[in-house]
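Dear colleague,

Please find below the sequence and the structure that I am handing over to you. My notes on what was found follow directly after them.

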Amino acid sequence: MSNEKIPYKIYLEESELPKQWYNVRADMKKKPAPLLNPGTGKPVTPEELGVVFCDELVKQELNETDAYIDIPEEIQSFYRMYRPSPLVRAYCLEKALGTPAKIYYKFEGNNTSGSHKLNSAIAQAYYAKKQGLKGVTTETGAGQWGTALSMACSYFGLDCQVYMVKVSYEQKPFRREVMRTYGASVTPSPSMTTEVGKKILAEFPDTNGSLGCAISEAVEAAVSKEGYRYVLGSVLSQVLLHQTVIGLETKAAMDKYGIKPDMIIGCAGGGSNLGGLVSPFIGEKLRGEADYQVIAVEPASCPSLTRGVYAYDFCDTGKVCPLAKMYTLGSGFMPSPNHAGGLRYHGMSSILSELYDQGLMEARSVEQTAVFEAAEKFARVEGILPAPESSHAIRVAIDEALKCKETGEEKTILFGLTGTGYFDMYAYAAYNDGKMSDYIPTDEELAKSIATLPKVE
Ligand SMILES: *Cc1c(COP(=O)(O)O)cnc(C)c1O
């Protein structure tokens, strides 16, 4: 099909929206390693996980066999309020770059939370409500997950308690107010409201907080209160599963026009948007039906795939969560304070870690000034002000499109544009003022945090 016929935005009809999520583990011959109980060193049981997570989500977390899982009708109807998200042909960016490459992006920022996180928040809140719970607890870093979860909880009338990494709590007061507007309570982490928070504060009184630490506090808050469970916005297999609406919609939209991406690019923090975007495509790869180049993009200041080790590690600083086998920098790793965006988690989804280990996916790390340069270029020609996280993917998409300009190849590049950056204006200000710097951890620093990995047989 000729270029002219492809519209700027490819939408789907309501009837074409996914009715099931896709579970890529079903098509993986070698499955991701199981979560382990840190006490016994044995795979966690559904009963053990059920203390922390909602029952239905535990089933999804442990389900390695069903390729498709029905999306309950109530979640589908919530999705219809803001989905399908547009698949955009970046004609303006292509022109500005002068590239023969064809660039597409799937834009997930068209909802109040400003990111893809709502896709999983609404699912997790639904299952909590169905179980008759009073509320849920969680952590949030940059704030997108907390915002999405507070929206989802208010929709279902659930209480929502958010532990927000202290530095973000202070730097992003407006994110905090969006959450409070949707009825959530927001506590800066580490806090004195939990035992683990007190312990971390006693040891590191000046800490700015970290995701790993906020996770520990949120888990403790959930298990110590009747009628509460903990929910998480990334990393877990259940979250990747919910996020496959992104990839399923993208694939359906591309199939309509006979478009096949050569290359699929996404930013990777805990791996949920990337996993959600690429799963249906990787499924084809695993079944031998098609081939795609898949690239995970991470910050050079928190390089879990490109410089971490593939090993069992704690998911949180307080070491209260199960152990997961993943590419990790060690649960004590703290990204440099000059790191602006999200994508600061020390580990990576165990599904993506295993796919990467099997060579089904590549990874690149990029420095933040280069990321903001790409963000600005993109904003000026495509109109959307991208989130710093999303801009990691933009950076590599632009780099690849420029390579095509040199070689004359007409590659089709697809990337995930996960959200908008309106709450990240301090970071944009630092960039605009020429005050943004890059920080790349030394091998010694990484070796130090990697040395604290738990010993697992
Ligand atoms: C949370 C977030 C990410 C990173 O999380 P993943 O789980 O790796 O997808 C990326 N972009 C935006 C806008 C986010 O809010």
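**The shell around the ligand**

The shell around the ligand is made up of 4 nonpolar, 11 polar and 2 charged residues; here Ala, Val, Leu, Ile, Met, Phe, Trp, Tyr, Cys and Pro count as nonpolar, Asp, Glu, Lys and Arg as charged, and the others, Gly among them, as polar. Please note that this is a predicted model, in which local features need pLDDT of at least 70 and side-chain atom pairs count only at pLDDT 80 or more, while totals for chains, interfaces and linings use all residues. Residues are numbered from 1 along each chain as its sequence is written, and side-chain values use heavy atoms, with hydrogens and water left out.

Of the 17 residues around the ligand, those that come nearest are Lys117, Ser234, Gly269, Ser272 and Thr418; a residue counts as near if one of its heavy atoms lies within 4 Å of the molecule. A polar side-chain atom of Ser234 is 2.4 Å from a ligand oxygen atom. Polar backbone atoms contribute as well: one of Gly269 lies 2.7 Å from an oxygen atom of the ligand, and one of Gly271 lies 2.8 Å from an oxygen atom of the ligand. On its own the ligand has 380 Å² of accessible area, and the protein covers 94% of this (Shrake-Rupley method, 1.4 Å probe).

**Cavities**

Rolling a probe the size of a water molecule over the atoms shows where empty space is left. A cavity is a set of points, on a 1 Å grid over the protein atoms alone, where a 1.4 Å probe fits but cannot get out; its lining residues have an atom within 4 Å of a point. The structure holds 7 cavities of 30 Å³ or more, a volume being the space filled by probe spheres set on the points, which are joined across faces, edges and corners.

Where does the ligand sit? The ligand takes up the space of the largest cavity (more than half of its atoms lie within 2 Å of the grid points). This largest cavity holds about 440 Å³ of space. Its lining has 30 residues, and Lys117, Leu211, Ser234, Gly270 and Leu343 lie nearest the centre. Strand E6 (135-140) and helices H6 (144-156), H10 (211-223) and H12 (272-286) each give two or more residues to this lining; helices (H or I, at least four residues) and strands (E, at least two) are DSSP runs, numbered from the N terminus. The lining of the largest cavity divides into 10 nonpolar, 16 polar and 4 charged residues.

The second largest cavity has a volume of about 90 Å³. Its lining consists of 11 nonpolar residues, with no polar and no charged ones; among them are Leu35, Phe53, Val235 and Tyr345.

**Backbone features**

Val235 has a phi near 65 degrees, a positive value in a residue other than glycine.

With kind regards

Methods: A polar contact is a pair of N or O atoms within 3.5 Å; within protein, one must be able to donate a hydrogen and the other to accept it, and residues adjacent in sequence count only if both atoms are side-chain atoms. On a 1 Å grid over the protein atoms alone, a cavity is a set of points where a 1.4 Å probe fits but cannot get out, and a pocket is an open set with protein on both sides within 12 Å along at least five of seven lines; lining residues have an atom within 4 Å of a point.
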